Amino acid sequence: MVVANTVGVQTTYDRASEVKAFDDTKAGVKGLVDDGITEVPRMFHQPPYKFEKTSVPGETQFTIPVIDLEGVKQNPATRKEILDKVLNASKKWGFFQVINHGVPVSILEEMKDRVRRFFELDVEVKKQFYTRDNMKSVVYNCNFDLLTAPSANWRDSIYCDMAPNPPKPEELPEPFRDIIVEYSDQIMSLGYLLFALISEALGLNPDHLLKMDCAKGLGVLSHYYPACPQPELTLGASKHADSDFLTVLLQDHIGGLQVLHENQWIDIPPTPGALVVNVGDLLQLISNDMFISAEHRVLANSIGPRVSVASFFITNFQPNRRLYGPIKELLSEDNPAKYREITVMDYVTHFHEKGLDGTSALQKFRI
């Protein structure tokens, strides 16, 4: 790329060299902030169109659904009301928040605190986990698609594959070694409940999605979004949909998460004690588009750091030969299959090769 400098002389911008030099530091975005930068490096600049609000003044103002799970296991009438809300939210939004979900607030708070502690370790300590090898059970880096993406996102991340084959305790970073195991157990229990509710909402037996191994795998991806000196130039996470069956997100008090709903970016406000749940691409695929995997993004912020913990129900790169296609019980002459059968590995490989480029990874698998 050729650009003009301040005195009008044509200079060549070598993005690949800038990205490599940054990646070689293994210090991430936090390293830049610790160095006291006052301007966002060129490699993080997003094109202006990515900041379009896409909403028209005067249009309906939307609020993401909040579903109270209190009494879901004890009261049949309450369960029916919750099923209706889950069905409506999954069809129209692909996103909802849950409260009274059974995960103790103390565990939520400790998980956020311990994740923050990891990212604030000395860079020499964190470097041992820094890798671009997605086959490892613990992966710390800045942007999984950093080397191929046209623009980098303003965040650092650490991924831990917690099920079905979790890392040995000594392989996990010490700051959250104990709490991530407890947190994962709690999220897995909540996941069983959510998949049962989603199965019933689809008109299937409560254990249908569990028998399809939708809850067999769990990956916990923790993000750290440092304060950004020029948040108008970059994003915390560019527009994307999730590459799993279901995501359960824990976010802190800062906010910035938005979902694209009816061509408007809608804030998902932090709600104390709540968890955000969203439909992933694979659930959209097996529901034959009955449920939507909504696109979402995270804005950069001059306030920070923001911390979030996303738990993905997916076996990811682990061996799994099972084929997934639209559920037969949902199909009819008027509703034929819209996708071909694929393995999780087929999908995840394509998603990682494609990166967060703002397009749907599902298109490749449509019939």
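In this predicted model, four strands form an open, antiparallel sheet in the order E8-E13-E10-E11, where strands are DSSP runs of E with at least two residues and helices are runs of H or I with at least four, numbered from the N terminus, and two strands pair if DSSP finds at least two bridges between them. Local features need pLDDT of at least 70 and side-chain atom pairs count only at pLDDT 80 or more, while totals for chains, interfaces and linings use all residues. Residues are numbered from 1 along each chain as its sequence is written, and side-chain values use heavy atoms, with hydrogens and water left out.

- Strand E8 (235-240) and strand E11 (264-267) are the edge strands, each of which pairs on one side only.
- Strand E10 (residues 257-261) and strand E13 (residues 296-299) run antiparallel and are joined by three bridges, and leucine 257 has valine 298 in E13 as its bridge partner.

**Helix H4**
- Helix H4 (residues 105-119) has 15 residues and reaches 22 Å from its first C-alpha to its last, close to the 21 Å expected at 1.5 Å a residue, an expectation calculated as 1.5 Å times one less than the number of residues.
- Ile107, Leu108, Met111, Lys112, Val115, Phe118 and Phe119 of H4 are buried, that is, under 20% relative accessible area with a 1.4 Å probe and protein chains only.

**The whole protein**
- The secondary structure comes to nine helices and 14 strands.
- Buried residues make up 53% of the 367 residues, and the C-alpha trace spans about 70 × 45 × 45 Å along its principal axes.

Notes
Buried means under 20% relative accessible area, exposed over 50%, partly exposed in between (1.4 Å probe, protein chains only).
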